[in-house]
Amino acid sequence: MPELPSHASVVVIGGGIMGCSTLYHLAKMGVSDVILLERNKLTSGTTWHSAAQVRALRHSHNLTKMIQYSVDLYAQLEEETGQSVGWIQEGSLSIATTLDRLTHIKRQESLAKAFGLQVDSISVDEAKERWPLMNADDVIGAVWSPDDGRVSPSDVCAALVKASKGLGAKIFEDTGVTGIMTENGRIAGVETDKGVVTCDAIALCAGLWSREVGAMAGAEVPALACEHFYLLTKPIDGIKGNMPTLSDHDNHLYIRDDSGGLLVGCFEPMGKPIEPGILNADFEFGLLGEDWDHFEPMMMNALNRLPALETAEVKMLLNGPESFTPDGTFMLGETAETKGLFLGCGMNSVGMASGGGAGMNLAHQIVHGRTAYDLGEADSKRFAPVFNGLEHLMARAPEILGTHYEIAYPGRQLATARDLRALPLDKEYRAANAHMGQFYGFERPLYFGRTAEPAMTFTRPDWHANVAAEVEAATTKAAIFDASSFGKIDVTGPDAEAFLLHSCAGYMARKPGSVIYSAVLNEHGTFLSDITAQRIADDHYRLFVGTNAIKRDLTHFKRVSDGFDVQLEDTTEAYAVLGLMGPDAARIATECGAPELNDLGYFKIGPAHIAGKHVRAARLSYVGEAGWEITCKAENAPAIYAALTDAGAVPAGMFAQTSMRIEKGFCAMGHELDSDVTPIDTGLDFATRKKGGFIGAEALAAKRETDNEGRVASLKIDDKNAVPLGHEPVYFGDTIIGLTTSTSFGYRIGCPVALVLLDAPVADGTAVDVDIAGQKFAATIVLGPLFDPDGTLMKP
């Protein structure tokens, strides 16, 4: 084995698919001194026992694009290296045994067509022809994906390593990492049992052990291993050559051929977590014990689907560990806690499908400072610190394993690791029968007035009438929308204005007493975030950021603050924010002792007292009804809430807020806004300073010269019974011209509504069709708000 170098620009930790792919792409991008450290042997953790299915379709365009890249890469590697990757492209067959599953797979079919994938509905008889061994008595429909396939995990990694070595990269097996060195909060080097390597960055791809390795650098890596089972049989009659993968997700099963026999795997409804320490340093090409009692319900499902199993001879019940995150999506990118530490882990049992594209994007972020396209849903900074706690991971990870094949119902909430963080008015909301949803660990009201759990459905939901009543209250009387979980970052110091002019694209120099909406851009002029800022004093701003963006945005602002005399503090939990909205808001403010709020201009802030408690109110609205967002100390929220409700205001939840936001045409991060689009694309360029001077200004100015038309439009659907969920293709004739990004029922205009990101601008009033689970619904494009009672946009 060659000697460890004293320095490497980047050190990759972990020799599974993510580590090997990241190494290859770093070398391909010119990092010629990159090295990979593997404690044991390459692929010896999870990768070697992966069932290695490669199914391209995912719930978002970019995750699908990422896996399509994997497919192309694996084919290219054979040509590049001469090393076979074992690619078998026999397609995949998804069957449905319930009407809701059929709707689910038809939604997937519609999405696939929007993403350029070939996916087709087929009859039960055609499905039976593709899988003759299948009992299809209870099957009511199927979808066929001819381009899906599988690979040989070890062969893919061997090809990646061979190509990496040819580009100058070095691999060190049997080299365990014993410590990570940091200086001033950033990576400085790696300590191993073979010596020390200084470095500028680390790609942490340690799979099952990523949480423990991350802790060496003081970073949070919320991932936990669970047991994952698949059955292998000896050869049986009826298996000839390679066959499609059979996805029987109603029964939690995936099935394919394996060496003339069957491989029957499962993602059971509730998995088995593995406590840290069980998978120790000696767990090399290791498996866990067979657990037939746990597997028995899945085995019964498999016997029903494949009667040939009754006489098949079992080779083994393989029990191999896989790592899972609290939301079922992998972690990719730089950590908040340690600069230069990049995560590529928590693959949630889709490592082989994702690994090629995820490794490319991780390398791209290390080299170029951002992923090749938006992968915000996989951002390593998206989890609240509470989710890194072992107790919560042990509860949540088994449920996440079980959701792998769950139907994607609207409004579904996870059941485990709940009640981790409470809003200041949690007691009051529960007394009002709030149905809660979890966001960044906070329990937030989705709607009020129901005590029973809602039935999961793709038709009009149980909560429709509840939300309608809340919108009615906000439209005819007054409603309270709780924004307390939104992140609050206080920026103070003599350079506060200069710092925000540098880091934000908006008009941050407005006088104290002002509210400023601003995009926060990267150097390419696309969105990192969008914020609302309140200028409290010359040297004091309070930034309001999205609930799930707290850690990400605070990290970004800190990392671009070098050279500015400012202090940044997360004050999220110190304050409550209550949005009082509706035509009765003015009367209620007066009755509660704050008549001066009625004199505030739009996008202005001012102090007042409600119920004898100091508040700072901002005149703006995210729902299109006049009112204020009222900030107060968290401990004062109950008294203020009591005064407002005693005067006639009623609480309203997130579902009502979302419906009203869409009707008003307001964009939201993660829906219309992400790092693939600019303020120009989304109609928000009015809120950027044309003189520049901020991060991303040059790129934005260049785009403005060549393309200054917005691509976000409103959409109203004719059929009141249509239920769009988001990501639906929008057709003009036979051509897909965009996808829905935010959807709801529009209670104020009486029909389903959406915002849509178009491929190119279209005319106001254009008649289109929206594909919802294979059924096209007539709709109309509207350029501007669908409902605009106050006649204002975000403009101050």
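1. A residue is called buried when its relative accessible area is under 20%. The structure discussed here is a predicted model. Phe458, with a relative accessibility of 11%, therefore counts as buried.

2. A search of the whole structure finds 17 of them. In one, Tyr409 and Phe458 have ring centres 5.2 Å apart, and the pair is tilted because the planes stand at 35 degrees. Tyr409 belongs to the loop between α9 (390–402) and α10 (426–431), while Phe458 belongs to the loop between β21 (442–448) and α11 (464–476), so this pair ties together parts that are 49 residues apart in sequence.

3. Another aromatic pair is formed by Tyr447 and Trp463; the pair is stacked, with 5.6 Å from centre to centre and 25 degrees between the planes. Tyr447 lies in strand β21 and Trp463 in the loop between β21 and α11, and the pair links distant parts of the chain, 16 residues apart. Both partners are assigned as buried: Tyr447 has a relative accessible area of 0%, and Trp463 has a relative accessibility of 8%.

4. Ring pairs also join Phe229, Trp292 and Phe295 into a cluster. Rings take part in contacts with charged groups as well. The charged end of Arg39 sits over the ring of Trp209, at 4.8 Å from the ring centre. Arg542 lies over the face of Tyr575, and its distance from the ring centre is 4.1 Å.

5. In soluble globular proteins, nonpolar side chains tend to be buried together. In this model, the largest nonpolar core has 85 residues, and Val491, Leu580 and Leu644 are those with the most contacts inside it. Helix α15 (residues 637–646) contributes the largest share of this core, 5 residues. Apart from this core lies another, of 57 residues, which includes Val85, Ala112, Cys205 and Ala363.

6. Leu580 deserves a separate remark. Setting aside residues up to four places away in sequence, Leu580 touches Ala478, Ala479, Ile480, Ala585, Ile588, Ala626, Gly627, Trp628, Ile630, Leu644 and Ala649. One of these, Leu644, is itself listed with Val491 and Leu580 as having the most contacts inside the largest nonpolar core.

7. A disulfide is a covalent bond between the sulfur atoms of two cysteines. How many disulfides does a search of the whole structure find? The search finds 0. Cys199 is in no disulfide, and the nearest cysteine sulfur, belonging to Cys205, is 13 Å away. Cys199 counts as buried, at 3% relative accessibility. Cys667 is likewise in no disulfide; for this residue the nearest cysteine sulfur is that of Cys504, at 18 Å. Cys667 is also buried, its relative accessible area being 11%.

8. Is Met216 buried or partly exposed? With a relative accessibility of 33%, Met216 counts as partly exposed, because that class lies between the limits of 20% and 50%. Leaving out neighbours within four places in sequence, Met216 is in contact with Val177, Thr178, Gly179 and Ile180. Met216 and Glu625 are 409 residues apart in sequence, and their C-alpha atoms are 50 Å apart in space.

Conventions
Residues are numbered from 1 along each chain as its sequence is written. This is a predicted model: local features need pLDDT of at least 70, side-chain atom pairs count only at pLDDT 80 or more; totals for chains, interfaces and linings use all residues. Side-chain values use heavy atoms; hydrogens and water are left out. Rings of Phe, Tyr and Trp (its six-membered ring) pair if their centres lie within 6.5 Å; planes under 30 degrees apart count as stacked, over 60 as edge-to-face and the rest as tilted. Helices (H or I, at least four residues) and strands (E, at least two) are DSSP runs, numbered from the N terminus. Buried means under 20% relative accessible area, exposed over 50%, partly exposed in between (1.4 Å probe, protein chains only). A charge sits over a ring if NZ of Lys or CZ of Arg is within 6 Å of the ring centre and within 35 degrees of the ring normal. A nonpolar core is a set of buried Ala, Val, Leu, Ile, Met, Phe, Trp, Tyr and Cys residues joined through side-chain atoms within 4.5 Å. Contact means heavy atoms within 4.5 Å. A disulfide is a pair of cysteine sulfur atoms within 2.5 Å.
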